[in-house]
Structures are given as C-alpha cells and as structure tokens.
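Hi,

Here is the structure you asked me to look over. Have it open while you read, and my notes follow below.

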Amino acid sequence: MASQAGLYVLKEGGNAIEAAIAMASTIAVVYPHMNGIGGDNFWLIYNAKNGEIKAINGSGKSGEKASIEFYRSQGCESIPARGPLAANTVPGAVRGWDTAYRYGQEKMGSTKSWGNLLEQAVQYAKEGFPVTPSQHRWTKINLDEEDSTFRALGRFEEFARIFLKDGKPYEVGDIFIQEDLANTLELIARNGADYYYDSELTERMVEDLQKHGGLLTTDDFKNHTSELMEPISVPYRDCIAYNLPPNTQGIASLSILNILNHFNMEEIEEGSAMYYHVLTEAVKHAFRDRDKYLTDPAFIHIPVGDLLSPERGAAYAEKIRNHSNAGTLPAMDPKGDTVWFAAVDEEGNAVSCIQSIYHEFGSAFIPEGTGVLLQNRGCFFSLDEKHVNSLKPRKRSFHTLNSAMMMKNGRPVLIYGTMGGEGQPQTQALLATRIIDYGMNVQEAIEAPRFLYGRTWGADSNTLKVESRIPEKVRRELERYGHVVEAVEELTELMGHAGAIYIDEKGVKYGGADPRGDGMALGY
C-alpha cells in the first residue's frame, strides 16, 4: 500500500521526495507496529539537478526535563522500555517529512501540495486496511503478561482500545481502522507540520503524557527541528557509499565496507564459510568503534574521519587475515523494528529513507484521543553518567536507524536499506557485496541466505545466527573458525526486511523487496 502511494505520486508527475513523503505517511498508518508519526526518520536525498547528496536527521532530542537524576529518583536502574517514561524524546518523523518537502520545493521545483501527499494515509486511517501477518504476530507476542518489562502492552488503556479487539489481537485480514489517527493526520495535512509541534494538538498530547507521569513539554515540541546536513561516505570498489552521520550507526555500516574494501572478494566465494566469516569479523570491528563513540555529536567529539580512514580499514582487514579465529563482542541489546523505503523518479532524483518507533509498538503509550503511538527510542539512553550515550536533557540518542546509497560516476547505482536494529549494517554489507562484488540482481541478493551476529530477546550472549538454507557444511566450517553458530528458519523476519533499487548504466531501474516482510517493489 505504501509502495502504491509512492507510485501514484510518481505517475502524477511528482518527484522522488514527494513519492517518499506519500510512502512515509502511508506506512505510518498501515504498518503501525513498526513506525508512525510518534517516531523518527532519516533521509538520504540525491538531487539530479545539481548532483548533490543531502542527509536529513529527523530524530528527536530528549526532553528538557529528562535527566539521570530524575530517573534515579523514580527508583529506575535503567529507563523503562515501555510506558510514559519511555517516551522521553520528541517524535521527529513529521518534521523530517517537512524538511524533505521544503528542500524539494526549494531545490527540485516540487509541485505537489503537502495535503495531497498525505491523502492516502488519511484515507487508510479513516477507512481501514487489512491487518498484515506481521502486525498480528507482534501484537500477539506483546500481550505476554509474564513479561511486564518489555511486553504486557494490554495494560496501556489507549493501546488496548485501538490495537486490540475484545482484548485480543486483530486477525490477519481484519480491517483495522484508526479514527483518532485519521483526525490527527487530517489536521497535519490541512495545517502543515507546524501544527504537530505547536498547536492545541501538541497541548493535548503533552497534557495526557504528563498526566501519566511523562516528561515531554510543549516547549520540547515547539523547539524541535530536523537537520539538513552533509552525509558521510567511503569509497567502495569503483563506487562511493553514502550514509547518515552520527547520531546514527551509519558510521558502522560504512566502516564494514571500509574494511571489506581491503579484501579481494574475487578470491572469496560468495556463500562460503570464508565469506560469512570475513563479513562477521568486519561487523565486530565496526561495532567496537561504534559502541565506543556513538552518541549525539553535539555532546562529544566523534572522530568520523579517523574511524572511516583507509588506514583504519586496512588495519582491521589485516587483523582479520592474521586471526582466523572469531572474535567476540559484549552481549548486544536486541533492538527495535523499523521500515525502510526508497524512490527514484524519471529525472533521476533518488531517496533512501528509514522510519521507526524503536521497539515494536514503541513506548505503547498513546495520548488520549490523538492516535499517536509515541516511540521509546529514549529508553536506549544509559543512566550511567560515564557511558558515551548517557542521558542528558535535549540530547539525541545513539540511533540504529540508517539508510544507504551508493554512487558511481556521479550518479546513484544502488539505493538500499533494511529494518532490523543491529542487523541493519550487517544486511547492508550483504546486499552491497552481493550486488557490487558478485553481480547478483537485487531480488536475488535480497532473497539469498543471511546471517545476524548478536542476540535475541532473553538470550544472554551473542551467537552467529544463520538461515538454515546456508549448508550444514558451511555452518560446521564457521564453527571451526570459532563462531557459535545458531541455525534459524529459512526466511526469518529476524533478518530484517531489506529492499533495494539498482540502476544500471543504461538507466534501467531494478527494484527488489524482501519475502521476509510485507513490502513490494513497484515501478512503471
């Protein structure tokens, strides 16, 4: 449905930014467990008119009253994962749309009205849409009353009223209507993004949040801005790979490619144990750097140039060659869910965008009468003052979200991304190597077996999870390299929902979508 909304805009003469806003607003309605207007987004935009690439940081800062001292005074050892106290960062998604829209008007000659781009989102919220298998599954999982830390979302009144039917999950194919969200989106469509951040709607959201013990203020919303900024990049083969700068883990995604750039992949068979081993070890080196430095760059200097230098990539590549046994990382927190989408128009403009509320259903707190499911991104802040990602007022958290684009001869060749928290840089590396190094088509690369290094809910250590289509012989060899290998189902959602658009030298566009998810690649 989101892809169709974007395609409709393109057919009507809109550009890639306008199509992306239509997709972003629509998927915020029809995939509500993974994203929404209570969350954040990040954008990469290629402008074919002037050849520039811009990034948009559409993430929200913590509230002015959010502090380690406050949470300690509430008896918290960590920020609660759910509920009003989890919703301590301003939702940045709508301002992200607005920043992209204004850039398009100024730099691309965009012609579509703001309200027009939100029409299908309003319609789906008002008239309903069929519940996806993913929404049903994650609703059911999150009703587990034995886990009051991360689950048991039925305890939140507005969540139960909107997302449950007689106390149970909507079934796959049930028509799901969100009347309150429809009204909210209509107000934003009619009055612009500012209405979300400075109006009676803002006051209603804040009033109910504070009534339940939440921290955000109307000033937090009023002062929120998105940043139009320069992306970061590294060379990869005969291309240049672009991603988002900190506070996102785009730095980790590029670091992996920076390491792999020092391997001759022609000498490593795709799908072999050595292939998965080299990629996994590159991931570990990139994640060590990420976890040491990544937070809001306004609060600490992050040496991006050094971390992505060719010398550092070469040094890590040499370590991988000289130490054939697998390294380890501290147990990585299982992280949230997301949506990624992209658009390329007939002029060659391209957008790679990612949008999320962090954990599925975010904080699970919905201010009464608004339909806005607030994110819990801020629960990732640390209450340890010495931690690099420690909580402070008006600070952006370490963000797993990052969207990617690869350029060749000054034009986009690969626009790609995925949902999946820790898995995003890992899956991006798989897509990049399979398409750029091994010449797979985009659908083939997306469907090929994947791995994920990390842990899942309830696990106390990292494992190398591999889809069971990876042959047992390869798995045994990975174990000999020292990996703790865990086979998972063939096309598991655990590996994220990847997507990509590849543009060949003739300008022909090839789109691919993931059978692990509910999306689709469309063109005309």
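Let's start with Y358, which is buried, at 2% relative accessibility. Bear in mind that this is a predicted model. Y358 sits in strand β11, and its phi is positive, about 75°, although it is not a glycine. Most residues other than glycine have a negative phi, hence my flagging it.

Y358 also turns up among the contacts of N376. Leaving aside residues up to four places away in sequence, N376 touches A81, A86, I357, Y358, H359, G362 and S363. You'll find N376 in the loop between β11 (350-358) and β12 (404-408). Is N376 buried or exposed? It is buried, with a relative accessible area of 0%.

N247 belongs to the loop between β9 (239-243) and α13 (250-260). In general, most peptide bonds are trans.

How many disulfides does the structure hold? The count is 0. For C379, the closest cysteine sulfur is the one in C76, and at 12 Å that is too far for a bond, because a disulfide needs the two sulfur atoms within 2.5 Å. C379 counts as buried, at 14% relative accessibility. C353 is buried as well, at 0%.

On to the helices. In α1 (residues 2-11), the buried residues are A2, A5, G6, L7, V9 and L10. Their cover includes α2 (16-30), α5 (114-117), α6 (119-127) and β10 (337-344). After α1 comes G13, with a positive phi near 95°.

Further along, helix α14 (residues 273-293) packs with helix α19 (residues 472-480) at an angle of about 45°, their axes 9 Å apart. The two helices are therefore oblique to each other, and their crossing is right-handed. At the contact, A273, Y276 and H277 of α14 meet V474, E477 and L478 of α19. Those residues divide into 4 nonpolar, 1 polar and 1 charged.

That's what I have for now.

Cheers

How values were computed: Residues numbered from 1 in each chain as written. Predicted model: local features only at pLDDT ≥ 70, side-chain atom pairs only at ≥ 80, totals over all residues. Heavy atoms only, no water. Helix = DSSP H or I, 4+ residues; strand = E, 2+ residues; numbered from the N terminus. Buried < 20%, exposed > 50% of the residue type's maximum accessible area, 1.4 Å probe, protein only. Contact = heavy atoms within 4.5 Å. Axes fitted to C-alpha atoms, helices over the stretch in contact; angles between N-to-C directions. Parallel < 35°, antiparallel > 145°, perpendicular 65-115°, else oblique. Left-handed = near helix turned anticlockwise from the far one by under 90°. Nonpolar A, V, L, I, M, F, W, Y, C, P; charged D, E, K, R; others polar.
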